[in-house]
Amino acid sequence: MLTKAGKYKRLGSRLNKLKNQESTDFLVFNRSLCKQWYQRRVREAVVSTQSTGEQKQMLGEKLYPIIQAVQPELAGKITGMLLEMENSEILHMLEDSQSLNSK
């Protein structure tokens, strides 16, 4: 049989575990919101740009570091090849890393 102090200690331990899980959930949620905000900003910047050349330039600046992390020696060539695609497809690839990896 647990004493009153033992019961409070056990309850405190459970509350700490719950608090830690809530903190983790909050951080995951925050990271997701930051990613969505960044993607929305990229999309707005590309759409608001007037010329197609400027749009491609901005998309290339976003694509290049991602590709360079995977294929440093071919990053320029791969980026150039991807920039021949439609802007909407490139934006989709920037938002969905699996889509980019499949290309």
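Contact here means heavy atoms within 4.5 Å. Keep that cut-off in mind for the tour.

**Before you start.** This is a predicted model, in which local features need pLDDT of at least 70, side-chain atom pairs count only at pLDDT 80 or more, and totals for chains, interfaces and linings use all residues. Residues are numbered from 1 along each chain as its sequence is written, and side-chain values use heavy atoms, with hydrogens and water left out.

**Whole chain.** Show the cartoon. There are five helices and zero strands; helices (H or I, at least four residues) and strands (E, at least two) are DSSP runs, numbered from the N terminus. Of the 103 residues, 21% are buried. Buried means under 20% relative accessible area, exposed over 50%, and partly exposed in between (1.4 Å probe, protein chains only). Among contacts with a separation of 6 or more, 44% join residues 24 or more positions apart.

**Select Asn87.** This residue lies in helix H4. Asn87 counts as buried because its relative accessible area is 15%. Leaving out residues up to four places away in sequence, Asn87 touches Gln55, Lys56 and Leu59. With Lys56 there is also a side-chain to side-chain polar contact, at 2.9 Å. A polar contact is a pair of N or O atoms within 3.5 Å; within protein, one must be able to donate a hydrogen and the other to accept it, and residues adjacent in sequence count only if both atoms are side-chain atoms.

**Select Lys56.** Move across to helix H2 (residues 52–70), where Lys56 lies. Lys56 is buried yet has no salt bridge, that is, a side-chain nitrogen of Lys or Arg within 4 Å of a carboxyl oxygen of Asp or Glu. Glu86 is the nearest side chain of opposite charge, 6.5 Å away; Lys and Arg count as positive, Asp and Glu as negative, while His and the chain ends are not counted. Now display the backbone of Leu83: its oxygen lies 2.8 Å from a polar atom of the Lys56 side chain. Beyond four places in sequence, Lys56 touches Leu83, Glu84, Met85, Glu86, Asn87 and Ile90.

**Select helix H3.** Take residues 75–82 and colour Ala75, Thr79 and Leu82, the buried residues of H3. They sit on the same side of H3 because they cover an arc of only 65° around the axis, taken from the directions from the helix axis to the C-beta atoms. Turn to the other side of H3: Lys77 and Met81 are exposed there.
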